[in-house]
Amino acid sequence: MGDDGIGVTVAERLAGEPLPAGVAVVEAGTIGLGLLDLWQGYERVWLVDAVRMGRSPGSWRWLDAADLLCLEPGGFDAHAGPAGVLQLAMALDALPQEFSLLAVEPGLVERRMGLSMAGRRGVAAALAELRRRLECGE
Amino acid sequence: MKIAVQHLARIEGHANLVIDSARGTLRELRLEIVESPRFFEAMLKGKHYTEVAPIAARICGICSNSHTLVSLCATEQALGIEVSEQTRILRLLLAHGEILQSHLLQLFFLAIPDYYGVSSILPLVRSERALVGHALQLKKLANDICRIVGGRPVHPVTPTVGGFLRLPEAAELQGLRRDLVAALPDLEASVDIFAALDYPDFERETEYFSLRGDGDYPIFGRRLVSSAGVDCAVADYQQVIEEYLVPHSNAKFARLSGESFMVGALARLRNNFDHLSPMATQVAAALEVGPTTCNPYRILAARLVEVVHGVERAIHLIDDLLLAGLAPEELPTPKGPGWGAAAIEAPRGLLFHAYRYAADGRIEQADCVIPTAQNLANIEADLRALVPQLLSSGREELTRQCEKLIRAYDPCVSCSTHLLTVDFA
């Protein structure tokens, strides 16, 4: 589905690089409620995904839990999207110390293989930002 | 009175319910499936057999393992590939893991709020902390089964045509077995919770359609049976299931012997009660669900019986694997092009995939029949029988009971809308 694969591509590329101790990269697919298990034992959790924000394709921004709940309001349902999982984690007091979503604006989300030019730019920019934060231990 | 419930909550995908009644008579009822069609069969055309299962798995984010496994089986049927006993057991274990994942999500996170009078699981975190904690523990265990066998909790990466690309470590399976045994007390607590629920008193006989197990409660199988006398080979499914279009749905509806039929946990349980594990049989008695149950609200109870059966069965499957010892296997090579059909009992019921392959190993024709699409006509028929009984109860209660009934089926709307009017000509 074109640029819907931005998050997967970032995860695959980052997983192939040397990472600092204690850092793990997981391509979690549509894991939903399983996020609660996945982030157990970690202090910081960064999600990376394509998010329609009405910005320039290929651009990115960090969203925190409050931003995400504004973007995707509503209760917990079968989709168990990040907002529902966040609400449940908050209610359970099971949020990691730091939670952020690196949201990348997709270009083309349609039935096609591979990323658009804007999607590829978004992947490169997201990787650079993640490397920067990992290197400076932010 | 007109009631329009836009975007039914706590189901997978987007559906609306429209009820129109006048002077105590139901005039119209529609379960509108408004999710856009997704044309997966068209996407599969021309794909090489090595790519088909990972693409087919994307039909669903909840039952991706079932789509993967049935897709592999259909491909193997078409290409004349036999799998080993080790592969067969690992696939069964993975399928049980997914049934547990899906059933536990539906029971504790989507259905139970209806019975506690709240709109979602979130208020229960404070008032019923033990219940939620206990549900999360069980859910994690189900995820662990899928992760250890399938490589990750959803959209598995290890199963492939003819076998597995990576095998679980014996130590992982031993740990899983330990956790499954430790979960049994949690399951007893679950039974107490669901036995205490006040299931609405509504019954309607229908046709119950499932695989018939060959010495075991069915996951895979070759024989289809229904309570109205259908008894045929899986390969003949297109001859017994009639799919049809209705104007208000982007998913096809389906009929069998009569106007509607049910697939899923209750249909499986009714048709295969004699194959339940001993513990699951006891739980069925405690939950008052059995081979004659025709109250669709009690699909929840049937689901919990299957959870207990699945945990027991998973323990035995792990024992079989550990006893035999896991060994890497060479993947068999295809014998040639052809047509193959397979069925699996996915969490929501019978799931069929059938493919025709060309000599170059690429798909010429694909057909997928999804459990929810088979259940849609039955849900509407239940609602048509239920609503007249509730017309005097007021708009709010009527809406609440209808939503509860729909949720009992755990419809997966996104799955059901993948196949509208696809012509390969």
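User: What should I keep in mind about the model and its numbering?

Analyst: This is a predicted model, in which local features need pLDDT of at least 70 and side-chain atom pairs count only at pLDDT 80 or more, while totals for chains, interfaces and linings use all residues. Residues are numbered from 1 along each chain as its sequence is written, chains are lettered from A and ligands numbered from 1 in the order in which they are written, and side-chain values use heavy atoms, without hydrogens and water.

User: How many aromatic pairs does the structure hold?

Analyst: Over all chains there are 9 aromatic pairs. Rings of Phe, Tyr and Trp (its six-membered ring) pair if their centres lie within 6.5 Å; planes under 30 degrees apart count as stacked, over 60 as edge-to-face and the rest as tilted. One of the pairs is W39(A) with F99(A), edge-to-face because the planes stand at 70°, with ring centres 5.8 Å apart.

User: Where do W39(A) and F99(A) lie?

Analyst: W39(A) is in the loop between α2 (35-38) and β1 (44-50) of chain A, and F99(A) is in strand β3 (residues 98-104) of chain A, so the pair ties together parts 60 residues apart in sequence. Helices (H or I, at least four residues) and strands (E, at least two) are DSSP runs, numbered from the N terminus. Both W39(A) and F99(A) are buried, meaning under 20% relative accessible area, with exposed over 50% and partly exposed in between (1.4 Å probe, protein chains only).

User: And what is the geometry of W46(A) and W62(A)?

Analyst: Their ring centres are 5.6 Å apart and their planes at 65°, so this pair is edge-to-face. W46(A) belongs to strand β1 of chain A and W62(A) to strand β2 (residues 60-64) of chain A, 16 residues apart. W46(A) is partly exposed because its relative accessibility is 21%, whereas W62(A), at 19%, counts as buried.

User: Which charge lies over the face of Y208(B)?

Analyst: R270(B) does, at 3.8 Å from the ring centre. Likewise, K404(B) lies over the face of Y115(B), at 4.2 Å from the ring centre. The criterion is NZ of Lys or CZ of Arg within 6 Å of the ring centre and within 35 degrees of the ring normal.

User: Changing topic: which residues does UniProt list for "binding site"?

Analyst: The unreviewed UniProt entry lists E41(B) and H418(B); such annotations may be inferred rather than shown by experiment. E41(B) is in helix α1 (residues 40-44) of chain B, and it is buried because its relative accessible area is 4%.

User: What is the volume of the second largest pocket?

Analyst: It is about 820 Å³. On a 1 Å grid over the protein atoms alone, a pocket is an open set of points with protein on both sides within 12 Å along at least five of seven lines, a cavity is a set where a 1.4 Å probe fits but cannot get out, and lining residues have an atom within 4 Å of a point. This pocket is lined by 30 residues, and α4(B) gives the most, with 4 residues.

User: How many cavities of 30 Å³ or more are there?

Analyst: The search of the whole structure finds 4. The largest cavity holds about 80 Å³ of space, and among the residues closest to its centre are R303(B) and Y409(B). The second largest cavity holds about 50 Å³, with H96(B), E306(B) and H309(B) among its lining residues.

Notes
Points joined across faces, edges and corners; volume = space filled by probe spheres on them.
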